[in-house]
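Hello,

Here is the structure I said I would pass on.

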Amino acid sequence: MPLLNRITGPADLKKLSAGELPALAAEIRKFLIRNVSRTGGHLGPNLGVVELTIALHRVFDSPRDALIFDTGHQSYVHKILTGRQAGFPQLRQRGGLSGYPNRAESEHDWVENSHASTSLSWADGMAKAFRLRGEERWVVAVIGDGALTGGMAWEALNNIAVGEDERLVVVVNDNGRSYTPTVGGLATQLSGLGQQLTAIRTDRRYERALRLIKEKVLAAPVIGQMVYGLMHGLKTGVKDVLVPRGMFSDLGLKYVGPIDGHDVDAVELALQQAKRYGGPVLVHCITEKGRGFKAAEQNEQDRFHAVGIIDEDTGEPLVCGGRTWTDAFGEEMARIGATNDRVVAITAAMLHPTGLDRFARLFPNRTFDVGIAEQHAVTAAAGMASGGLHPVVAVYATFLNRAFDQVLMDVGMHKMGVTFVLDRAGITGPDGASHHGIWDSSFLGLVPGLQLSAPRDEQRLGEALRLSVAVSDAPTVIRYSKESLPEPIAALRRQGDVDVLFETAKPKVLVIGYGQFCGLAAEVGQRLSQQGIGATVVDPVWALPVSADLLALVASHELVITVEDGGIVGGLGARVSQEARLAGITSRFREFGVPSAFISHGTRSEILDQLGLTAQELARFATEQVAADEGSSPLTSSER
Ligand SMILES: Cc1ncc(C[n+]2csc(CCOP(=O)(O)OP(=O)(O)O)c2C)c(N)n1
C-alpha cells in the first residue's frame, strides 16, 4: 500500500520511520505532478518543499503549533499531509480546495493572505500573543528568498531579532528564485551561503566523515539518535566556522544553516535544534524549485512556478489561450522603448507575467526588477521620473494595494510622470479572494491629478500607453484584464473625449462601459433597443478624470448604468455618479461591478454570473426601471 494512503494527518506522518521518508517524498511528488497538471496551479514551488514540509510536520505539532506559509502558494504539501489529499482533483475550482491556505478548509491553516512577505509579521504577532497568554506553542514561518525581498519581511525581522523569549522559527526556503532568479543584495548574500553549502557538501572529506559519524552513532542503541543530534549540532558548528553567518546574525538573529532542504533528516535535526534554543531562530534551507519533474527543473523562465493544464510527462501546455492583454502590452512597450529612450520599465519580481520580458531583452539597461517590493518600485519610479526618465511600473492590480501611499504621496503629490500598468485588473478567478484586481480604481480615484484608462481593445491599449508615456506631470494608469483580448470594438463616432459605441434615436438609457466590459455594455444597448428602449452606449476612453463630455451625456439621459470590472464602492461608476450629482445633474444612476466582498475562487465566468455581471442581467434591470417609470411592464417572457 502506498505510504501516502496511510497519511490522514501529521500524527500518521510521525509514525513513519526515517527510512520511509524518501519513499513518501517520492509519492508526494508523483501525486503533485499528476494532480496539478490536471487543474493548473503552483507546481514548481511545491515540488521544492516536499521534504521541508514533511520535516516541519514531524518536528512541530500542528495545529497547536502554527505553521505559516508566506504567500501560501507552496502549501500544497502541507494540505496533502493534513488530510486534504482527496480534494486535489478540485484544486482552485469553485467549491473545491483553495490554491492557498484557507481557514475554512482546515484548522492547520492560519493565514490565507497570498500577498507576499507578510508571514514574519504574522508569526511575530502570534508568538507575542502566545507568550503573553502563557501558552507554550511554537510559531513557524516558512518564507522564500523571493518573499524575503519584501520590505515587510525586514520590518518583521527587525522586531523578531529582539523578541528573545518568543517561540518563533523562521524557515527560509531558499531556491534562489522568485519566478526568475531572485535579485538584489539579499539574494547575493543568500546565494553566497548556498554556494558554501554546496562546497561543503561536495568536499569529499567532509562527506566521508559525516557518513562515518552517522553510521557509527546511529548504530548505538537508544542514545544513538540523541548523540547524532549533538553531532549534528557540531556539524552545524563546523559549518558556522566555514560559513559567515552574515546578515541574519548581524541583526541579532540566531542562524542555523545552510541546510540541504531535500535531506529530511538534516532539516528535522535543524528544526529540533532551533526548537531547543527556545528563542527566535532562523533556519536556512537550500531547495530546488521544480525538483523531481524534469520539465520543471529545465524550465529557465520560472521552473513551473505556476502552470495551466499540462501534460504530466512532458510538461507541455495542453490548453492554449488566445492573445492576451499582457502580450499586447509587452509588444507595445518594446515599440515605445525603441523610439523613446527615456522610457524605462520596472517590475516587482514579475518580469514574464507582466509581459516586460521582451522589453528587458531589448533594453536590459532600462529594465529594473526590484524584487517583491511594490512600495520601493513606486517611489523609485518617482525618483527616476524626477531624474528625467519616464518609468512604466507594470504590476498586477491587486499588488498595487501595497503601494497606495507611495502612489499618492511620492508620485501624485510630486506630480511625477510615472505610468502604472495594472495587469489582472478585475475578477481573475482561480486564485481567489486576494488575487482579484478589484481595489485599484477605488483607491486611485483618491489621487489628485491621476489619469486612468481602462482600454476596451488592443488599439485603445496602444493609444493609452503612448499617451501615458508623454505625460510628464501626473501619474497615469492603464488597467486591463487577465482575459484574452476581445475583438476590436470600433466607435460609431466620437463625442468630445468619449467614444460612442452604440446609439438609437430618443435614448433614455446611457450605458457607460469600462475596459473589458465595453463589449458587454454594447450588448446591453442592443438588448434594450430590441425591447424598444432608446439607449446610448459609450466608452469614456479616459475614466479619470471624469470628462465634461461624459457629464453632458449623463445629463441628457434619464437612467445611467455603469459597468466596470472592479469594485463599485468608490469605483469608476461611483465617481461619475458623484461628479454628476455635484454638477447638479439629476439622472438616475446604477453602478454595476464587484461588490465590497472577498470573493473566493472559481472560474471568471462563474464569478461574473454569481455577481450578475451579464448583459442579460443589466438589460433586465434597465428594462424594469424604464417600465416602472412608464407604469407598465414591457418585459417579454424570454427576458424574465
Ligand atoms: C505583494 C506580492 N507581490 C507579488 C506577488 C506574486 N508572487 C507570488 S509568488 C512570487 C515569488 C515568490 O518567490 P519565493 O518567495 O522565493 O517563493 P518560491 O515560489 O520561489 O517558492 C511572486 C512574485 C505576490 N504574491 N505578492
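In this predicted model, helix α6 (residues 119–132) and helix α7 (residues 151–160) have axes that come within 7 Å and cross at roughly 30 degrees. Angles under 35 degrees count as roughly parallel, and α6 and α7 are therefore roughly parallel to each other. The crossing in which α6 passes α7 is left-handed.

On the α6 side, the residues that meet α7 are Leu120, Ser121 and Asp124. Their partners in α7 are Met152, Ala153, Ala156, Leu157, Asn159 and Ile160. By class, this contact of α6 with α7 holds 6 nonpolar, 2 polar and 1 charged residues.

The other pair is helix α14 (residues 325–339) with helix α19 (residues 458–469). Their axes lie 10 Å apart, and the helices pack at an angle of about 40 degrees. That angle makes α14 oblique to α19. Here α14 passes α19 in a right-handed crossing.

Which residues of α14 meet α19? They are Trp325, Ala328, Phe329, Glu332, Met333 and Ile336. From α19, the contact takes in Glu458, Leu461, Gly462, Leu465, Arg466 and Val469. The contact of α14 with α19 divides into 8 nonpolar, 1 polar and 3 charged residues.

To recap the handedness: α6 passes α7 in a left-handed crossing, whereas the crossing of α14 with α19 is right-handed.

Regards

Definitions and conventions: Residues numbered from 1 in each chain as written. Predicted model: local features only at pLDDT ≥ 70, side-chain atom pairs only at ≥ 80, totals over all residues. Heavy atoms only, no water. Axes fitted to C-alpha atoms, helices over the stretch in contact; angles between N-to-C directions. Helix = DSSP H or I, 4+ residues; strand = E, 2+ residues; numbered from the N terminus. Parallel < 35°, antiparallel > 145°, perpendicular 65-115°, else oblique. Left-handed = near helix turned anticlockwise from the far one by under 90°. Contact = heavy atoms within 4.5 Å. Nonpolar A, V, L, I, M, F, W, Y, C, P; charged D, E, K, R; others polar.
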